[in-house]
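Please look through the sequence and the model below before reading on. The report that comes after them is meant to be read with the structure in view.

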Amino acid sequence: MHMAFSIAADSLPAWRRQLAEASVAVESEVTWSRGGTSLYLRDPSGNLIELVTPGLWPNEANDLR
């Protein structure tokens with residue numbers, strides 16, 4: 001399973017810090033050519049979780065920029 005959560009672009013450094021402090025491994029970080037950055041990690045059950053900044057999806061309903 002894969003779930004994505006939109007986060008504000010300026011909160012990305014704080015998310016990286018908070019995940020590191022909680023010993024949560026970031027499996028991958030992708031900066032997309034059309035905009036936005038995604039952090040990928042796993043929840044305790046092994047599901048893929050994505051934290052993504054605005055810009056990746058067109059016409060985002062909740063633009064957090």
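Predicted model: local features only at pLDDT ≥ 70, side-chain atom pairs only at ≥ 80, totals over all residues.

**A strand and its neighbours**

Strand S4, which covers residues 48–52, has five of its five residues buried, so it is largely enclosed by the rest of the structure. In a regular strand the side chains alternate between the two faces of the sheet.

Strand S3 (residues 37–42) pairs with S4 in the antiparallel sense, over five bridges, and here Leu39 has Leu51 as its bridge partner. The hairpin of S3 and S4 has five residues between the strands, and in this hairpin Gly46 takes a positive phi near 95 degrees.

**Salt bridges**

Side chains of opposite charge can pair when their charged atoms come close.

| Salt bridge | Closest N and O atoms |
|---|---|
| Glu29 and Arg16 | 2.6 Å |
| Arg42 and Glu27 | 3.0 Å |

Arg42 lies in strand S3 and Glu27 in the loop between H1 and S2, so this pair ties together parts that are 15 residues apart in sequence. Arg42 is partly exposed, with a relative accessible area of 39%, and Glu27 counts as partly exposed at 49%. As for the other pair, Glu29 is partly exposed at 40% relative accessible area, and Arg16 is partly exposed at 33%.

Definitions and conventions
Residues numbered from 1 in each chain as written. Heavy atoms only, no water. Buried < 20%, exposed > 50% of the residue type's maximum accessible area, 1.4 Å probe, protein only. Helix = DSSP H or I, 4+ residues; strand = E, 2+ residues; numbered from the N terminus. Pairing = 2+ DSSP bridges. Salt bridge = Lys/Arg side-chain N within 4 Å of Asp/Glu carboxyl O.
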